[in-house]
Amino acid sequence: MEPDNQTWVSEFILLGLSSDWGIQVSLFVLFLIMYLVTVLGNFLTVLLIRWDSRLHTPMYFLLTNLSLVDVSYATFIVPQLLVHFLAEHKAIPFMSCAVQLFFSLALGGIEFVLLAVMAYDRYVAVCKPLRYSVIMHAGLRSKLAITSWVSGSMNSLLHTAITFQLPMCTNRTIDHVSCEILAVVRLACVDTSSNEMMIMVSSIVLLMTPFFLALLSYIQIISTILKVQSREGRRKAFHTCASHLTMVALCYGTIIFTYIQPHSSPSVLQEKLISLFYAVLMPMLNPMICSVRNKEVKGAWQKLSGKFSGLTSKLATC
């Protein structure tokens, strides 16, 4: 590539989903509602877990971490997306792009590892119920959570630093809804095959390793459930991990489809939709899948609603 075609850019242009004004306004309303539901749902989940002492267990400690990751991920993507829906000049500063890329990669990596940790928690709960409190003690679950945050952050820091050291061409248009790593790498004026290979290797290590650990946990869980004699016992055991299993299938399936093979990746439009599915839809579904369907959480909601109704009645009579 000729030196004249290389430059240091101060900002990038994000093409987004559509250039049609009517569609952008409709998308703005839709994504704003979804983002508000995401923030409210995850905030209430964390608040409820902190408020009700019955939910002070390893599973809900990990669920708190997952909710914080999800709402943080949505916050680093959706507000900028909403602004661009209504803006004529859809620019994002160089540093803001780097920050967005770092946090999106970091939080995504953290969630992958957290899901594997939660799968191990479910394995202990189903396969070794009598030793559950001994194995999943406060020290272990804290170390596992810290490992999730550190591993995801270190992997993201490495990729962000390497990506933004690449010489960029005069074309500063990113055909994506956010500063997604492959979309940014495509702007480089040098051969990026080594970068794409590094993305694939990193994906295998940080994505597939937790995935196979989660898969191994669920193989053991299913094997244990099938050995339960009573139908009611099998139903209760499966219900213990059904919501988390749904989350694992949706989260891992989506990201594996996007990143594992960069050279045979889906179309640009598919990449955008998959990214939005993970950044917008999954954080919104997290409280519904992992919390609302849970009997303990439903009981806590009913208890909190009862106290709130009683307080409202007292205030009304004053």
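Here is a short chat about aromatic rings in this predicted model.

Colleague: How many aromatic pairs are there?
Modeller: The count comes to 12 aromatic pairs.

Colleague: Take Tyr73 and Tyr278: what sort of pair are the two rings?
Modeller: Their centres are 5.1 Å apart and the planes sit at 80°, so this pair is edge-to-face. The cut-off for that label is over 60 degrees.

Colleague: And where do Tyr73 and Tyr278 lie?
Modeller: Tyr73 is in helix α2 (residues 58–86) and Tyr278 is in helix α9 (residues 268–292), so the pair ties together parts that are 205 residues apart in sequence.

Colleague: Is Tyr73 buried or exposed? What about Tyr278?
Modeller: Tyr73 is buried, with a relative accessible area of 12%. Tyr278 counts as buried too, at 4% relative accessibility.

Colleague: OK, next one. How are Phe211 and Tyr252 arranged?
Modeller: That aromatic pair is edge-to-face, with 5.4 Å centre to centre and 70° between the planes. Phe211 belongs to helix α7 (residues 193–227) and Tyr252 to helix α8 (residues 231–259), so this pair ties together parts 41 residues apart in sequence.

Colleague: Which accessibility class does Phe211 get, and which does Tyr252 get?
Modeller: Phe211 counts as partly exposed at 22% relative accessibility, while Tyr252 is at 0% and counts as buried.

Colleague: Which residues do the ring pairs link into a cluster?
Modeller: Tyr73, Phe112, Phe211, Phe212, Tyr252 and Tyr278.

Colleague: Changing topic: what lies over the face of Phe61?
Modeller: Arg141 does, at 5.8 Å from the ring centre.

Definitions and conventions. Residues numbered from 1 in each chain as written. Predicted model: local features only at pLDDT ≥ 70, side-chain atom pairs only at ≥ 80, totals over all residues. Heavy atoms only, no water. Phe/Tyr/Trp six-rings, centres within 6.5 Å; stacked < 30°, edge-to-face > 60°. Helix = DSSP H or I, 4+ residues; strand = E, 2+ residues; numbered from the N terminus. Buried < 20%, exposed > 50% of the residue type's maximum accessible area, 1.4 Å probe, protein only. Lys NZ or Arg CZ within 6 Å of the ring centre and 35° of its normal.
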